[in-house]
Amino acid sequence: MVKVRHPETAGLRIRVVLGDGLIIGPGRADLLEGIRETGSIAAAGRRMGMSYKRAWQLAEALNATFRGPVILAVKGGVAGGGAQLTPLGDAVLDAYRNLQTASAEAGAGALAALTGAVAASGAK
(Lines give C-alpha, C1' and ligand atoms only; values in the text may rest on other atoms or scores of the structure.)
Protein backbone atom coordinates (compact mmCIF):
# COMPACT_ATOMS: atom_id res chain seq x y z
CA MET A 1 0.00 0.00 0.00
CA VAL A 2 1.31 3.44 -0.92
CA LYS A 3 1.27 6.01 1.86
CA VAL A 4 -0.12 9.35 0.67
CA ARG A 5 0.84 12.21 2.98
CA HIS A 6 -1.34 14.95 1.48
CA PRO A 7 -4.23 13.30 -0.33
CA GLU A 8 -6.25 16.53 -0.47
CA THR A 9 -3.66 18.41 -2.53
CA ALA A 10 -1.84 17.84 -5.78
CA GLY A 11 1.75 18.94 -5.91
CA LEU A 12 5.36 18.21 -6.62
CA ARG A 13 7.80 16.56 -4.23
CA ILE A 14 11.35 17.61 -5.01
CA ARG A 15 14.32 15.43 -4.07
CA VAL A 16 17.85 16.51 -4.88
CA VAL A 17 19.98 13.44 -5.53
CA LEU A 18 23.67 13.23 -6.37
CA GLY A 19 24.89 9.83 -7.52
CA ASP A 20 23.35 7.21 -5.28
CA GLY A 21 22.73 9.55 -2.35
CA LEU A 22 19.85 11.78 -1.38
CA ILE A 23 21.14 15.27 -0.73
CA ILE A 24 17.91 16.83 0.47
CA GLY A 25 14.21 16.17 0.07
CA PRO A 26 10.96 17.22 1.74
CA GLY A 27 11.55 15.36 5.01
CA ARG A 28 15.09 16.59 5.53
CA ALA A 29 14.05 20.14 4.65
CA ASP A 30 11.15 19.96 7.11
CA LEU A 31 13.54 18.73 9.80
CA LEU A 32 15.91 21.64 9.12
CA GLU A 33 13.00 24.07 9.25
CA GLY A 34 11.80 22.54 12.50
CA ILE A 35 15.26 22.91 14.02
CA ARG A 36 15.37 26.52 12.85
CA GLU A 37 12.01 27.20 14.48
CA THR A 38 12.32 25.17 17.70
CA GLY A 39 16.04 25.19 18.45
CA SER A 40 15.91 21.44 19.03
CA ILE A 41 16.45 18.32 16.95
CA ALA A 42 14.16 16.31 19.24
CA ALA A 43 11.38 18.92 19.13
CA ALA A 44 11.65 19.21 15.35
CA GLY A 45 11.37 15.42 15.08
CA ARG A 46 8.37 15.30 17.42
CA ARG A 47 6.58 17.90 15.29
CA MET A 48 7.03 15.55 12.36
CA GLY A 49 5.91 12.45 14.26
CA MET A 50 9.45 11.11 14.15
CA SER A 51 11.35 9.29 16.88
CA TYR A 52 14.24 10.98 18.68
CA LYS A 53 16.63 8.41 17.22
CA ARG A 54 15.43 8.95 13.64
CA ALA A 55 15.64 12.74 13.96
CA TRP A 56 19.25 12.46 15.15
CA GLN A 57 20.09 10.00 12.36
CA LEU A 58 18.78 12.44 9.77
CA ALA A 59 20.63 15.34 11.42
CA GLU A 60 23.87 13.37 11.31
CA ALA A 61 23.26 12.36 7.70
CA LEU A 62 22.67 15.98 6.74
CA ASN A 63 25.87 17.07 8.45
CA ALA A 64 27.80 14.34 6.64
CA THR A 65 26.30 15.24 3.25
CA PHE A 66 27.48 18.82 2.89
CA ARG A 67 30.95 20.38 2.84
CA GLY A 68 30.49 21.42 6.46
CA PRO A 69 27.91 20.97 9.21
CA VAL A 70 24.43 22.31 8.56
CA ILE A 71 23.28 21.72 12.15
CA LEU A 72 25.16 22.71 15.27
CA ALA A 73 23.92 20.63 18.21
CA VAL A 74 24.76 20.79 21.89
CA LYS A 75 23.75 17.62 23.71
CA GLY A 76 21.56 17.97 26.80
CA GLY A 77 22.69 17.86 30.37
CA VAL A 78 22.54 20.16 33.37
CA ALA A 79 22.74 23.26 31.17
CA GLY A 80 20.33 21.78 28.64
CA GLY A 81 20.96 21.19 24.99
CA GLY A 82 19.83 22.67 21.77
CA ALA A 83 20.44 22.92 18.08
CA GLN A 84 20.58 25.56 15.44
CA LEU A 85 21.30 25.79 11.76
CA THR A 86 24.72 26.96 10.76
CA PRO A 87 25.00 29.62 8.05
CA LEU A 88 25.50 26.74 5.60
CA GLY A 89 22.35 25.09 6.97
CA ASP A 90 20.37 28.28 6.45
CA ALA A 91 21.70 28.54 2.89
CA VAL A 92 20.86 24.88 2.13
CA LEU A 93 17.32 25.17 3.49
CA ASP A 94 16.69 28.48 1.72
CA ALA A 95 18.01 27.10 -1.59
CA TYR A 96 15.78 24.02 -1.28
CA ARG A 97 12.68 26.11 -0.46
CA ASN A 98 13.49 28.38 -3.43
CA LEU A 99 13.75 25.30 -5.65
CA GLN A 100 10.36 24.10 -4.40
CA THR A 101 8.77 27.48 -5.13
CA ALA A 102 10.32 27.77 -8.59
CA SER A 103 9.29 24.20 -9.46
CA ALA A 104 5.72 24.76 -8.32
CA GLU A 105 5.45 27.95 -10.35
CA ALA A 106 7.02 26.43 -13.46
CA GLY A 107 4.96 23.25 -13.24
CA ALA A 108 1.58 24.77 -12.33
CA GLY A 109 0.11 24.47 -15.81
CA ALA A 110 1.25 20.90 -16.34
CA LEU A 111 0.11 19.91 -12.86
CA ALA A 112 -3.34 21.40 -13.54
CA ALA A 113 -3.54 19.42 -16.79
CA LEU A 114 -2.61 16.21 -14.98
CA THR A 115 -5.06 16.71 -12.13
CA GLY A 116 -7.76 17.64 -14.65
CA ALA A 117 -7.17 14.35 -16.42
CA VAL A 118 -7.60 12.25 -13.26
CA ALA A 119 -10.88 10.36 -12.92
CA ALA A 120 -13.37 11.94 -10.49
CA SER A 121 -12.88 9.10 -7.99
CA GLY A 122 -9.10 9.63 -8.00
CA ALA A 123 -6.19 7.66 -9.38
CA LYS A 124 -6.76 3.97 -9.92
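**Exercise 1. Find the accessible surface of the protein and the share of it that belongs to carbon and sulfur atoms.**

Step 1: the surface comes to about 8200 Å², using the Shrake-Rupley method with a 1.4 Å probe. Step 2: carbon and sulfur atoms account for 57% of that surface. Step 3: buried residues make up 29% of the 124 residues, where buried means under 20% relative accessible area, exposed over 50% and partly exposed in between.

A word on the ground rules: this is a predicted model, where local features need pLDDT of at least 70 and side-chain atom pairs count only at pLDDT 80 or more, while totals for chains, interfaces and linings use all residues. Residues are numbered from 1 along each chain as its sequence is written, and side-chain values use heavy atoms, with hydrogens and water left out.

**Exercise 2. Describe how α1 and α3 cross.**

Step 1: recall that two packed helices are described by the angle between their axes and the distance between the axes. Step 2: the axes of α1 and α3 come within 11 Å and cross at roughly 100°; axes are lines fitted to C-alpha atoms over the stretch in contact, with angles from 0 to 180 degrees between N-to-C directions. Step 3: α1 is therefore roughly perpendicular to α3, a label for angles of 65 to 115 degrees. Step 4: the contact (heavy atoms within 4.5 Å) involves R28, L31 and L32 of α1 and, among others, A55, L58 and L62 of α3.

**Exercise 3. Which residues form the aromatic pair, and is each one buried or exposed?**

Step 1: the structure holds one aromatic pair, meaning Phe, Tyr or Trp rings (for Trp, its six-membered ring) with centres within 6.5 Å. Step 2: Y52 and W56 form this pair, 6.3 Å centre to centre with 55° between the planes, which is tilted; under 30 degrees would be stacked and over 60 edge-to-face. Step 3: both residues lie in helix α3 (residues 52-65), four residues apart, about one turn of the helix. Step 4: Y52 is exposed at 55% relative accessible area, whereas W56 is buried at 18%.

Conventions: Buried means under 20% relative accessible area, exposed over 50%, partly exposed in between (1.4 Å probe, protein chains only). Helices (H or I, at least four residues) and strands (E, at least two) are DSSP runs, numbered from the N terminus. Angles under 35 degrees count as roughly parallel, over 145 as roughly antiparallel, 65 to 115 as roughly perpendicular and the rest as oblique.
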